[in-house]
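Subject: Structure for your review

Dear colleague,

Please find below the structure that I am handing over to you.

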Amino acid sequence: MTPNSKGTILYVEDNPDNRMLVRRVLLSEQYALAEATNAMQALDFLKSSRPDLILMDINMPDMDGYTLTARIKSMSGVERVPIIAITANVMRGDREKTIQAGCDGYIQKPIDIDQLTREIERFLARSANV
């Protein structure tokens, strides 16, 4: 965590427009941000760093967010880091599928900035009390 930040968040997202939006929001809210544009970058980051929370895109070209979430949850040292899915998958059953895959939360796209910050704060407060 950098000085004066509220926590470090890893955002795994292949879409540059979504990354730019979330980056602006999180930096303005005083979070430290690490970004990964694909699953391999995320896994490489997690080998040497432990974020306070992970924002996970579900639909990525190299490895979907469900598979990546399962991999992260099996990694020693980061298995308890909360993962919030950010996804365009909004059909009936998608939220449940996301939670069953190991994600702790679910935010649908297009991203509601207020909901994003509320969810992040909620999960960070919860993990601080564990």
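Predicted model: local features only at pLDDT ≥ 70, side-chain atom pairs only at ≥ 80, totals over all residues.

Residues are numbered from 1 along each chain as its sequence is written, and side-chain values use heavy atoms, with hydrogens and water left out.

Nonpolar cores

A nonpolar core here is a set of buried Ala, Val, Leu, Ile, Met, Phe, Trp, Tyr and Cys residues joined through side-chain atoms within 4.5 Å. Buried means under 20% relative accessible area, exposed over 50%, and partly exposed in between (1.4 Å probe, protein chains only). The largest such core has 23 residues, and those with the most contacts inside it are L10, V12, L46, I54, M56, L68 and I72. Two or more residues each come from β1 (8-12), β2 (32-36), α2 (39-48), β3 (53-57), α3 (65-73) and β4 (83-87); helices (H or I, at least four residues) and strands (E, at least two) are DSSP runs, numbered from the N terminus. The greatest contribution, 4 residues, is that of α2. A second, separate core comprises 16 residues, including I9, V22, L116 and F123.

Beyond its neighbours within four places in sequence, V12 is in contact (heavy atoms within 4.5 Å) with A36, N38, A42, I54, L55, M56, D57, M60 and L68.

I9 lies in strand β1 and is buried, at 0% relative accessibility. Its C-alpha atom is separated by 7.0 Å from that of Y31, 22 residues apart along the chain. Not counting residues up to four places away in sequence, I9 touches L26, Y31, A32, L33, A34, L53, L55 and I120.

E119 belongs to helix α5 (residues 113-128) and is also buried, with a relative accessible area of 15%. Its side chain makes a polar contact with the side chain of R122 (2.9 Å); the term denotes a pair of N or O atoms within 3.5 Å, where, within protein, one must be able to donate a hydrogen and the other to accept it, and residues adjacent in sequence count only if both atoms are side-chain atoms. Leaving aside neighbours within four places in sequence, E119 is in contact with I84 and I107.

Backbone features

The peptide bond from K109 to P110 is cis, with omega near 0°, and P110 sits in the loop between β5 (105-108) and α5. Q30, in the loop between α1 (16-28) and β2, has a positive phi near 70° although a residue other than glycine. Q30 is partly exposed, with a relative accessible area of 44%.

With kind regards
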